[in-house]
Amino acid sequence: MKRLMGFFITVLVLTGVMAFTTPGLLDKVRLGLDLKGGFEILYHAEPMEAGAALSRASLLKTAESLEKRANALGTSEPEVTTEGTDRIRLKIAGVTDEAEVRKKMKEPAVLTFRSAAEGDAEGTYSKIELVGSDFVEGAAEVGRDNLNQPIISIKIKDKDKFAEITKRLLGKNLAIYLDENKLSDPTVQAVLTDGSASISGNYTIKEARELADTINLGALPLKLTEKYSQSVGATLGKQSLDQTIRAGLLASVIILIFMIGMYRLPGLLASFALLLHTWALIAVFVFADFTLTLPGIAAFILGIGMAVDANIITNERIREEMRSGKSILSSVKAGNKSSFRTVMDSNVTTIIVAAVMFAFGTGAVKGFALVLIVEIVLSIATNLYFSHWLLSQLVKAGKLNKPKSFGVKESEIRAL
């Protein structure tokens with residue numbers, strides 16, 4: 001009786017949770033450009049100065065600058081990621097003027113030090129005093145002052161120019177801008193004649209490092225060359241999504257009918273595990289902030305197919321054990337045990353392949369591999385452990401005590 005109560009409580013609670021949360025989860029799934037429309041560009045980055053080295057920090061700061069520019073253009077949730085050592089991928093949805101976006105994105109990040117001009121509002125600075133090329137390349141470093149507070153050390157190429165600026169702005173602010181984004185506005189506290197300075201303030205060590213990286217990027221800006229681009233209209237994206245959903249729902253209904261018709265009550269339990277598997281994957285997409293794309297949907301469908309295979313293998317092994325003359329409980333235990341090894345071997349090898357694709361692939365290949373890995377892990381949890389537990393609970397409770405409940409005819413059972 002306890003097993004039966006545990007079975008029904010588990011099923012009812014999970015059914016209620018899935019029914020209550022699914023609409024909200026579906027609304028929160030982030031769609032890729034191929035499903036909602038937009039365009040994607042892959043840039044190759046290289047220093048504008050011939051022979052200069054491209055650092056990881058400068059690549060990351062350039063990517064951050066691209067994201068800020070995209071946001072400033074009013075685009076919807078731009079995605080900017082780095083790939084390898086010299087590539088940046090930009091994805092933007094809801095773009096009306098692609099040519100203008102391309103022009104803005106290709107411009108190098110501009111670092112400027114500015115002072116307040118006459119007529120500037122408080123906290124704004126429009127007079128450019130220094131630009132990125134005035135700084136010694138790679139010289140911005142993070143250190144600590146006598147009070148152990150983070151400071152950023154910088155070096156200027158023209159000592160006389162810097163001395164004149166600090167003398168004129170003594171006691172005033174000299175703000176630091178990347179493009180049109182103000183990063184900091186420290187106060188000039190002394191006349192500096194040796195071309196060196198330190199920037200102090202209420203910085204955390206992380207903020208200090210970010211500012212130092214920004215200054216180094218401004219001293220050696222990167223040139224972006226467009227290597228690949230793809231544009232998807234909003235109507236085409238919606239059409240792809242609608243067709244995919246219809247195909248997925250139709251396939252799911254056919255699979256559920258097949259499982260229940262072929263394996264009876266165990267097939268119904270397997271179908272419930274498949275529904276739980278699908279709900280769990282949607283929840284992972286939402287809470288891990290994954291982006292759903294067409295390759296991701298392909299991996300999603302492949303994973304569902306593998307989960308169905310796992311259930312079919314398990315049920316067929318149980319039926320084989322019953323046909324050999326074993327009892328219901330012995331058949332379920334033996335079938336679960338033998339199928340578990342087979343299905344786990346298959347899943348582990350697929351995870352290895354997907355991990356290699358994720359490690360060495362880019363873009364859509366990487367997304368496909370990641371979704372497939374998550375699918376398999378969830379499949380192991382729901383379609384192996386959970387479905388086996390549900391079936392064992394009913395068998396031990398005595399509610400599945402006839403072979404025909406598993407789709408096995410009495411005439412097929414051989415005497416031991």
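**Exercise 1.** In which hand, left-handed or right-handed, does helix 8 pass helix 10 in their crossing?

*Solution.* The structure is a predicted model, in which local features need pLDDT of at least 70, side-chain atom pairs count only at pLDDT 80 or more, and totals for chains, interfaces and linings use all residues. Residues are numbered from 1 along each chain as its sequence is written, and side-chain values use heavy atoms, with hydrogens and water left out.

Step 1. Helices (H or I, at least four residues) and strands (E, at least two) are DSSP runs numbered from the N terminus. A crossing is left-handed if the near helix is turned anticlockwise from the far one by less than a right angle, and right-handed if clockwise.

Step 2. The crossing of helix 8 with helix 10 is right-handed.

Step 3. The two helices pack at an angle of about 25°, and their axes are 8 Å apart. Axes are lines fitted to C-alpha atoms, for helices over the stretch in contact, and angles run from 0 to 180 degrees between N-to-C directions. Helix 8 is therefore roughly parallel to helix 10 (angles under 35 degrees count as roughly parallel, over 145 as roughly antiparallel, 65 to 115 as roughly perpendicular and the rest as oblique).

Step 4. By class, the contact of helix 8 with helix 10 has 16 nonpolar, eight polar and one charged residues. Here Ala, Val, Leu, Ile, Met, Phe, Trp, Tyr, Cys and Pro count as nonpolar, Asp, Glu, Lys and Arg as charged, and the others, Gly among them, as polar.

**Exercise 2.** Describe how helix 9 packs against helix 8 and against helix 10.

*Solution.* Step 1. Helix 8 (residues 294-323) and helix 9 (residues 328-360) pack at about 150°, with axes 8 Å apart; their crossing is right-handed.

Step 1. Residues of helix 8 in contact (heavy atoms within 4.5 Å) with helix 9 include M306, A310 and I313. Helix 9 contributes residues including I328, S331 and V332. By class, this contact of helix 8 with helix 9 has nine nonpolar, nine polar and two charged residues.

Step 2. The axes of helix 9 and helix 10 (residues 364-396) come within 9 Å and cross at roughly 170°. Helix 9 and helix 10 are therefore roughly antiparallel to each other. Their contact has 24 nonpolar, six polar and two charged residues.

**Exercise 3.** What are the strand orders of the open sheets of four and three strands?

*Solution.* Step 1. The open sheet of four strands has the order 6-5-9-10, with antiparallel pairing (two strands pair if DSSP finds at least two bridges between them). Its edge strands, strand 6 (127-131) and strand 10 (181-184), each pair on one side only.

Step 1. Within this sheet, strand 5 (residues 111-115) and strand 9 (residues 175-178) pair over four bridges, and R114 stands opposite A175.

Step 2. The open sheet of three strands has the order 7-8-11 and antiparallel pairing. Strand 7 and strand 11 (196-200) are its edge strands, and the twist averages 35° from one strand to the next.

Step 3. Four bridges join strand 7 (residues 141-144) to strand 8 (residues 150-155). V142 has I152 as its bridge partner, and R144 has P150. The two strands form a hairpin with five residues between them, and N148 in the turn has a positive phi of about 65°.

**Exercise 4.** How many Å separate the centres of domain 1 and domain 2?

*Solution.* Step 1. The chain is divided into domain 1 (1-29 + 233-412), domain 2 (38-107 + 225-231) and domain 3 (111-223); these bounds come from an automatic or database domain assignment.

Step 1. Taken over C-alpha atoms, the centres of domain 1 and domain 2 are separated by 39 Å.
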